Amino acid sequence: FLVTFSVLIFSTYYLNSELNFNYYCFVLLIFVGSMFSLNFSNSIFTMLLSWDLLGISSFFLVLFYNNWDSCSGAMNTALTNRLGDYFMFVFFGLSVFSGYYFLSFSMFSSYMSLLLLLTAFTKSAQFPFSSWLPKAMSAPTPVSSLVHSSTLVTAGLILLMNFNNLVLQKNFISFVLIIGLFTMFFSSLASLVEEDLKKVVALSTLSQMGFSMVTLGLGLSFISFIHLVSHALFKSCLFMQVGYIIHCSFGQQDGRNYSNNGNLPNFIQLQMLVTLFCLCGLIF
(Lines give C-alpha, C1' and ligand atoms only; values in the text may rest on other atoms or scores of the structure.)
Protein backbone atom coordinates (compact mmCIF):
# COMPACT_ATOMS: atom_id res chain seq x y z
CA PHE A 1 0.00 0.00 0.00
CA LEU A 2 2.83 2.40 0.88
CA VAL A 3 4.73 1.77 -2.36
CA THR A 4 1.55 1.98 -4.47
CA PHE A 5 0.51 5.27 -2.85
CA SER A 6 3.99 6.74 -3.43
CA VAL A 7 4.06 5.55 -7.06
CA LEU A 8 0.63 7.04 -7.80
CA ILE A 9 1.77 10.41 -6.44
CA PHE A 10 4.99 10.18 -8.48
CA SER A 11 2.96 9.25 -11.60
CA THR A 12 1.02 12.53 -11.46
CA TYR A 13 4.38 14.33 -11.74
CA TYR A 14 6.05 12.00 -14.23
CA LEU A 15 3.12 11.38 -16.62
CA ASN A 16 1.26 14.68 -16.31
CA SER A 17 1.54 15.38 -20.04
CA GLU A 18 0.17 11.98 -21.15
CA LEU A 19 -3.29 11.99 -22.73
CA ASN A 20 -4.27 8.50 -21.54
CA PHE A 21 -3.31 9.00 -17.90
CA ASN A 22 -6.71 7.75 -16.66
CA TYR A 23 -6.21 4.51 -18.59
CA TYR A 24 -2.80 4.12 -16.95
CA CYS A 25 -4.27 4.60 -13.44
CA PHE A 26 -7.06 2.11 -14.19
CA VAL A 27 -4.68 -0.65 -15.35
CA LEU A 28 -2.29 0.07 -12.46
CA LEU A 29 -5.08 -0.32 -9.89
CA ILE A 30 -6.17 -3.62 -11.52
CA PHE A 31 -2.57 -4.80 -11.28
CA VAL A 32 -2.26 -3.85 -7.60
CA GLY A 33 -5.65 -5.42 -6.79
CA SER A 34 -4.65 -8.70 -8.42
CA MET A 35 -1.40 -8.72 -6.44
CA PHE A 36 -3.28 -8.23 -3.16
CA SER A 37 -5.75 -10.95 -4.17
CA LEU A 38 -2.84 -13.31 -4.90
CA ASN A 39 -1.33 -12.68 -1.47
CA PHE A 40 -4.56 -13.14 0.45
CA SER A 41 -6.19 -15.89 -1.64
CA ASN A 42 -7.12 -19.10 0.15
CA SER A 43 -8.35 -21.16 -2.80
CA ILE A 44 -6.98 -22.45 -6.10
CA PHE A 45 -9.58 -20.55 -8.15
CA THR A 46 -8.79 -17.09 -6.74
CA MET A 47 -5.06 -17.77 -6.95
CA LEU A 48 -5.29 -18.73 -10.64
CA LEU A 49 -7.54 -15.74 -11.40
CA SER A 50 -5.18 -13.33 -9.61
CA TRP A 51 -2.14 -14.87 -11.29
CA ASP A 52 -3.67 -14.41 -14.76
CA LEU A 53 -4.84 -10.86 -14.04
CA LEU A 54 -1.31 -10.05 -12.88
CA GLY A 55 0.15 -11.19 -16.21
CA ILE A 56 -2.48 -9.43 -18.37
CA SER A 57 -2.30 -6.09 -16.56
CA SER A 58 1.52 -6.11 -16.57
CA PHE A 59 1.40 -6.69 -20.35
CA PHE A 60 -0.72 -3.55 -20.87
CA LEU A 61 1.44 -1.52 -18.48
CA VAL A 62 4.65 -2.39 -20.35
CA LEU A 63 2.84 -1.62 -23.65
CA PHE A 64 1.85 1.86 -22.44
CA TYR A 65 4.06 3.93 -24.79
CA ASN A 66 2.86 2.06 -27.94
CA ASN A 67 6.18 1.83 -29.78
CA TRP A 68 8.20 -1.11 -31.10
CA ASP A 69 10.43 -1.27 -28.03
CA SER A 70 7.39 -1.42 -25.74
CA CYS A 71 5.77 -4.06 -27.94
CA SER A 72 8.90 -6.22 -27.87
CA GLY A 73 9.24 -5.89 -24.08
CA ALA A 74 5.54 -6.58 -23.48
CA MET A 75 5.53 -9.70 -25.66
CA ASN A 76 8.70 -11.02 -24.02
CA THR A 77 7.21 -10.42 -20.57
CA ALA A 78 3.83 -11.94 -21.44
CA LEU A 79 5.15 -15.07 -23.17
CA THR A 80 7.70 -15.87 -20.46
CA ASN A 81 5.09 -15.44 -17.75
CA ARG A 82 2.60 -17.48 -19.78
CA LEU A 83 5.12 -20.32 -19.76
CA GLY A 84 5.09 -20.14 -15.98
CA ASP A 85 1.28 -20.09 -16.04
CA TYR A 86 1.24 -23.43 -17.86
CA PHE A 87 3.48 -24.94 -15.18
CA MET A 88 1.12 -23.58 -12.55
CA PHE A 89 -1.98 -25.02 -14.28
CA VAL A 90 -0.39 -28.47 -14.41
CA PHE A 91 0.68 -28.14 -10.75
CA PHE A 92 -2.87 -27.41 -9.56
CA GLY A 93 -4.29 -30.01 -11.95
CA LEU A 94 -2.09 -32.70 -10.40
CA SER A 95 -3.02 -31.60 -6.87
CA VAL A 96 -6.77 -31.75 -7.67
CA PHE A 97 -6.30 -35.09 -9.48
CA SER A 98 -4.51 -36.68 -6.52
CA GLY A 99 -7.13 -35.39 -4.09
CA TYR A 100 -10.10 -36.42 -6.26
CA TYR A 101 -8.92 -39.99 -6.76
CA PHE A 102 -7.55 -40.32 -3.18
CA LEU A 103 -4.09 -41.06 -4.50
CA SER A 104 -0.97 -40.74 -2.41
CA PHE A 105 0.37 -37.20 -2.57
CA SER A 106 3.93 -38.54 -2.49
CA MET A 107 3.38 -40.13 -5.93
CA PHE A 108 3.35 -36.67 -7.49
CA SER A 109 5.39 -34.71 -4.96
CA SER A 110 8.67 -34.64 -6.91
CA TYR A 111 6.93 -33.61 -10.15
CA MET A 112 4.84 -31.04 -8.31
CA SER A 113 7.88 -29.58 -6.57
CA LEU A 114 9.62 -29.21 -9.92
CA LEU A 115 6.54 -27.57 -11.51
CA LEU A 116 6.23 -25.18 -8.59
CA LEU A 117 9.90 -24.21 -8.86
CA LEU A 118 9.61 -23.60 -12.62
CA THR A 119 6.52 -21.43 -12.04
CA ALA A 120 8.36 -19.36 -9.44
CA PHE A 121 11.51 -19.09 -11.58
CA THR A 122 9.61 -17.68 -14.57
CA LYS A 123 7.67 -15.14 -12.50
CA SER A 124 10.70 -14.05 -10.43
CA ALA A 125 12.95 -13.96 -13.54
CA GLN A 126 15.45 -16.49 -12.27
CA PHE A 127 18.03 -18.11 -14.55
CA PRO A 128 17.37 -19.12 -17.39
CA PHE A 129 14.13 -17.05 -17.57
CA SER A 130 15.82 -13.73 -16.73
CA SER A 131 15.58 -11.96 -20.09
CA TRP A 132 12.10 -10.49 -19.61
CA LEU A 133 12.98 -8.27 -16.64
CA PRO A 134 15.41 -5.87 -18.43
CA LYS A 135 13.12 -5.97 -21.51
CA ALA A 136 10.18 -4.78 -19.41
CA MET A 137 12.05 -1.53 -18.67
CA SER A 138 10.37 -0.03 -21.75
CA ALA A 139 7.43 0.67 -19.42
CA PRO A 140 7.14 4.11 -17.74
CA THR A 141 9.43 4.55 -14.75
CA PRO A 142 6.58 4.65 -12.18
CA VAL A 143 5.47 1.24 -13.51
CA SER A 144 9.01 -0.06 -13.13
CA SER A 145 9.23 1.24 -9.57
CA LEU A 146 6.08 -0.70 -8.65
CA VAL A 147 6.12 -3.77 -10.91
CA HIS A 148 9.82 -4.56 -10.75
CA SER A 149 10.50 -3.89 -7.11
CA SER A 150 7.64 -5.04 -4.94
CA THR A 151 4.96 -6.85 -6.94
CA LEU A 152 5.46 -8.89 -10.12
CA VAL A 153 8.99 -10.22 -9.58
CA THR A 154 8.25 -11.03 -5.95
CA ALA A 155 5.19 -13.15 -6.83
CA GLY A 156 7.28 -16.25 -7.55
CA LEU A 157 9.13 -15.96 -4.24
CA ILE A 158 5.85 -15.44 -2.36
CA LEU A 159 4.51 -18.60 -4.05
CA LEU A 160 7.55 -20.59 -2.91
CA MET A 161 7.17 -19.27 0.63
CA ASN A 162 3.50 -20.31 0.69
CA PHE A 163 4.37 -23.85 -0.48
CA ASN A 164 7.65 -24.00 1.41
CA ASN A 165 7.01 -27.44 2.93
CA LEU A 166 6.42 -28.99 -0.50
CA VAL A 167 9.73 -27.67 -1.85
CA LEU A 168 11.64 -28.75 1.23
CA GLN A 169 10.13 -32.28 1.13
CA LYS A 170 12.33 -33.34 -1.74
CA ASN A 171 15.94 -32.38 -2.15
CA PHE A 172 15.13 -29.36 -4.32
CA ILE A 173 16.50 -26.90 -1.78
CA SER A 174 20.04 -27.17 -3.22
CA PHE A 175 18.56 -26.60 -6.70
CA VAL A 176 16.98 -23.34 -5.48
CA LEU A 177 20.32 -22.30 -3.97
CA ILE A 178 22.29 -22.96 -7.18
CA ILE A 179 19.77 -21.15 -9.43
CA GLY A 180 19.78 -18.15 -7.08
CA LEU A 181 23.59 -18.00 -7.17
CA PHE A 182 23.61 -18.22 -10.99
CA THR A 183 21.07 -15.38 -11.21
CA MET A 184 23.07 -13.19 -8.84
CA PHE A 185 26.33 -13.80 -10.69
CA PHE A 186 25.11 -13.32 -14.28
CA SER A 187 22.94 -10.26 -13.55
CA SER A 188 25.89 -8.60 -11.80
CA LEU A 189 28.14 -9.31 -14.78
CA ALA A 190 25.52 -8.00 -17.24
CA SER A 191 25.07 -4.75 -15.28
CA LEU A 192 28.79 -3.95 -15.65
CA VAL A 193 28.43 -3.52 -19.42
CA GLU A 194 24.89 -2.11 -19.54
CA GLU A 195 24.48 1.48 -20.78
CA ASP A 196 20.78 2.07 -20.09
CA LEU A 197 20.33 3.56 -16.61
CA LYS A 198 16.97 1.89 -16.00
CA LYS A 199 18.27 -1.51 -17.11
CA VAL A 200 21.14 -1.23 -14.62
CA VAL A 201 18.56 -0.82 -11.83
CA ALA A 202 16.56 -3.72 -13.33
CA LEU A 203 19.62 -5.97 -13.26
CA SER A 204 20.17 -4.89 -9.67
CA THR A 205 16.61 -6.05 -8.94
CA LEU A 206 17.44 -9.36 -10.63
CA SER A 207 20.51 -9.76 -8.45
CA GLN A 208 18.50 -9.01 -5.29
CA MET A 209 15.84 -11.56 -6.31
CA GLY A 210 18.64 -14.09 -6.73
CA PHE A 211 19.87 -13.20 -3.25
CA SER A 212 16.37 -13.80 -1.82
CA MET A 213 16.27 -17.13 -3.65
CA VAL A 214 19.65 -18.09 -2.14
CA THR A 215 18.33 -17.21 1.33
CA LEU A 216 15.25 -19.33 0.65
CA GLY A 217 17.51 -22.14 -0.57
CA LEU A 218 19.35 -22.04 2.76
CA GLY A 219 16.03 -22.74 4.50
CA LEU A 220 15.71 -19.21 5.96
CA SER A 221 12.31 -18.32 4.55
CA PHE A 222 11.54 -15.65 7.18
CA ILE A 223 14.87 -13.86 6.53
CA SER A 224 14.13 -14.06 2.80
CA PHE A 225 10.75 -12.43 3.37
CA ILE A 226 12.30 -9.63 5.48
CA HIS A 227 14.82 -8.97 2.69
CA LEU A 228 12.00 -8.99 0.14
CA VAL A 229 10.11 -6.28 2.05
CA SER A 230 13.16 -4.06 2.65
CA HIS A 231 14.25 -4.45 -0.98
CA ALA A 232 10.76 -3.45 -2.19
CA LEU A 233 10.85 -0.20 -0.21
CA PHE A 234 14.37 0.86 -1.13
CA LYS A 235 14.32 -0.31 -4.76
CA SER A 236 11.05 1.49 -5.53
CA CYS A 237 12.63 4.60 -3.99
CA LEU A 238 15.70 4.16 -6.21
CA PHE A 239 13.54 3.74 -9.33
CA MET A 240 11.71 6.99 -8.56
CA GLN A 241 15.02 8.81 -8.05
CA VAL A 242 16.32 7.47 -11.39
CA GLY A 243 13.00 8.49 -12.95
CA TYR A 244 13.50 12.02 -11.63
CA ILE A 245 16.98 12.13 -13.24
CA ILE A 246 15.56 10.85 -16.57
CA HIS A 247 12.69 13.35 -16.40
CA CYS A 248 15.10 16.25 -15.77
CA SER A 249 17.30 15.04 -18.65
CA PHE A 250 14.40 15.13 -21.17
CA GLY A 251 14.06 11.35 -21.36
CA GLN A 252 17.78 10.56 -21.75
CA GLN A 253 18.48 7.07 -20.36
CA ASP A 254 22.01 6.44 -21.65
CA GLY A 255 24.27 6.55 -18.61
CA ARG A 256 27.30 7.53 -20.71
CA ASN A 257 25.74 10.92 -21.46
CA TYR A 258 25.54 11.97 -17.81
CA SER A 259 28.62 14.03 -17.01
CA ASN A 260 27.95 14.43 -13.28
CA ASN A 261 24.98 14.85 -11.00
CA GLY A 262 26.04 18.20 -9.62
CA ASN A 263 22.92 19.85 -11.00
CA LEU A 264 20.67 17.54 -8.96
CA PRO A 265 19.17 18.79 -5.68
CA ASN A 266 21.12 17.78 -2.61
CA PHE A 267 18.04 16.06 -1.19
CA ILE A 268 17.87 13.68 -4.21
CA GLN A 269 21.60 12.92 -3.97
CA LEU A 270 21.27 12.17 -0.25
CA GLN A 271 18.26 9.92 -0.95
CA MET A 272 20.19 7.97 -3.59
CA LEU A 273 23.14 7.47 -1.24
CA VAL A 274 20.93 6.22 1.60
CA THR A 275 19.01 3.92 -0.76
CA LEU A 276 22.17 2.42 -2.26
CA PHE A 277 23.75 1.94 1.16
CA CYS A 278 20.62 0.16 2.42
CA LEU A 279 20.58 -2.12 -0.63
CA CYS A 280 24.25 -2.93 -0.03
CA GLY A 281 23.54 -3.63 3.64
CA LEU A 282 26.02 -1.02 4.86
CA ILE A 283 23.70 0.75 7.31
CA PHE A 284 21.69 -2.04 8.94
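Student: Which residues does the UniProt annotation "transmembrane region" cover?
Tutor: The UniProt record, an unreviewed entry, places that annotation on residues 21-41, 48-66, 86-103, 141-160, 172-193 and 213-234. The model here is a predicted one.

Student: How much of residues 21-41 is helix, and how far apart are the ends?
Tutor: That span is 95% helix and 0% strand. Its end C-alpha atoms lie 30 Å apart.

Student: And what about residues 48-66?
Tutor: There the chain is 79% helix and 0% strand, with 28 Å between the end C-alpha atoms.

Student: On to helix packing. How do the axes of α8 and α11 cross?
Tutor: Helix α8 is residues 155-162 and helix α11 is residues 197-217; their axes come within 11 Å and cross at roughly 10 degrees. Because angles under 35 degrees count as roughly parallel, α8 is roughly parallel to α11.

Student: Which residues make the contact?
Tutor: From α8, Leu-157, Leu-160 and Met-161 take part. From α11, the residues are Met-209, Ser-212, Met-213 and Leu-216.

Student: How many of those are nonpolar, polar or charged?
Tutor: Six are nonpolar, one is polar and none is charged.

Student: New topic: Ser-224. Where is Ser-224 placed?
Tutor: Ser-224 is in helix α12.

Student: Is Ser-224 buried or exposed?
Tutor: Ser-224 is buried, because its relative accessible area is 0% and buried means under 20%.

Student: What is Ser-224 in contact with?
Tutor: Leaving out neighbours within four places in sequence, Ser-224 contacts Met-161, Ser-212, Thr-215 and Leu-216. Of these, Met-161 belongs to the α8 side of the contact described above, and Ser-212 and Leu-216 to the α11 side.

Student: How far is Ser-224 from Met-209?
Tutor: The two are 15 residues apart in sequence and 9.6 Å apart in space, C-alpha to C-alpha.

Student: What about His-231, which helix is that in?
Tutor: His-231 sits in helix α12, residues 221-248. His-231 counts as buried, because its relative accessibility is 1%.

Student: Which residues does His-231 touch?
Tutor: Not counting residues up to four places away in sequence, His-231 touches Ser-149, Thr-205, Gln-208, Met-209, Ser-236 and Leu-279.

Student: Last topic, aromatics. How many aromatic pairs are there?
Tutor: The count comes to 14 aromatic pairs. One of them is Phe-185 with Phe-186, an edge-to-face pair with 5.5 Å centre to centre and 70 degrees between the planes.

Student: Which residues form an aromatic cluster?
Tutor: Phe-10, Tyr-13, Tyr-14 and Tyr-244 form one.

Note on methods: Residues are numbered from 1 along each chain as its sequence is written. This is a predicted model: local features need pLDDT of at least 70, side-chain atom pairs count only at pLDDT 80 or more; totals for chains, interfaces and linings use all residues. Side-chain values use heavy atoms; hydrogens and water are left out. Helices (H or I, at least four residues) and strands (E, at least two) are DSSP runs, numbered from the N terminus. Buried means under 20% relative accessible area, exposed over 50%, partly exposed in between (1.4 Å probe, protein chains only). Contact means heavy atoms within 4.5 Å. Axes are lines fitted to C-alpha atoms, for helices over the stretch in contact, and angles run from 0 to 180 degrees between N-to-C directions. Angles under 35 degrees count as roughly parallel, over 145 as roughly antiparallel, 65 to 115 as roughly perpendicular and the rest as oblique. Ala, Val, Leu, Ile, Met, Phe, Trp, Tyr, Cys and Pro count as nonpolar, Asp, Glu, Lys and Arg as charged, and the others, Gly among them, as polar. UniProt positions are given in the numbering used here, feature names are shortened, and annotations may be inferred rather than shown by experiment. Rings of Phe, Tyr and Trp (its six-membered ring) pair if their centres lie within 6.5 Å; planes under 30 degrees apart count as stacked, over 60 as edge-to-face and the rest as tilted.
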